[in-house]
Amino acid sequence: MVDRIMKVNAYTTFDLLDGEIEGHGFEEEALAVLNVTAPRKNPDHVELQLEMDNTDLDAVKPHADSVTLSAAQARELAAELEEYAGKVEDAQSE
């Protein structure tokens with residue numbers, strides 16, 4: 001991905017994931033970067049960041065999205081991810 005908005009390095013959680021953007025009257029696919037982070041000093045939140053490769057997109061301008069989560073919200077999200085990961089694993093093992 002060129003011209004990234006997010007800083008992507010060896011510590012980025014996931015890079016080059018398959019991403020999809022859906023809007024009113026359009027759908028596009030592109031590589032994506034997904035990162036989870038927290039401030040280094042006095043962390044008071046967890047931040048979830050997502051950026052799609054803007055070289056593969058026509059319908060949206062280059063941008064990155066982020067969501068700020070409390071520790072409790074981050075744990076709730078982690079539990080949901082574990083639950084659905086288990087469902088996917090169960091379905092694939094059948």
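Modeller: D18, E20, E22, E27 and E29 form a negative surface patch. Asp and Glu count as negative here, Lys and Arg as positive, and His and the chain ends are not counted. To join a patch, a residue needs over 30% relative accessible area and no salt bridge, and like charges are joined within 9 Å. A salt bridge would be a side-chain nitrogen of Lys or Arg within 4 Å of a carboxyl oxygen of Asp or Glu, and the place of a charge is taken as CG of Asp or CD of Glu. This is a predicted model, where local features need pLDDT of at least 70, side-chain atom pairs count only at pLDDT 80 or more, and totals for chains, interfaces and linings use all residues. Residues are numbered from 1 along each chain as its sequence is written, and side-chain values use heavy atoms, with hydrogens and water left out.

Two elements give two or more residues to the negative patch, β1 (14-23) and β2 (26-37); strands are DSSP runs of E, at least two residues long, numbered from the N terminus. The most comes from β1, with three residues. D18 lies in that strand, β1, and counts as exposed because its relative accessibility is 78%; exposed means over 50%, buried under 20% and partly exposed in between, with a 1.4 Å probe and protein chains only.

Strand β1 also holds L16, which has a positive phi of about 60° although it is not a glycine. Most residues other than glycine have a negative phi. At 48% relative accessibility, L16 is partly exposed.

Note on methods
Patches are made of residues with over 30% relative accessible area and no salt bridge: like charges are joined within 9 Å, nonpolar side chains (Val, Leu, Ile, Met, Phe, Trp, Tyr) within 5 Å. Accessible areas come from the Shrake-Rupley method with a 1.4 Å probe; for residues, only the protein chains shown count as cover. Helices (H or I, at least four residues) and strands (E, at least two) are DSSP runs, numbered from the N terminus.
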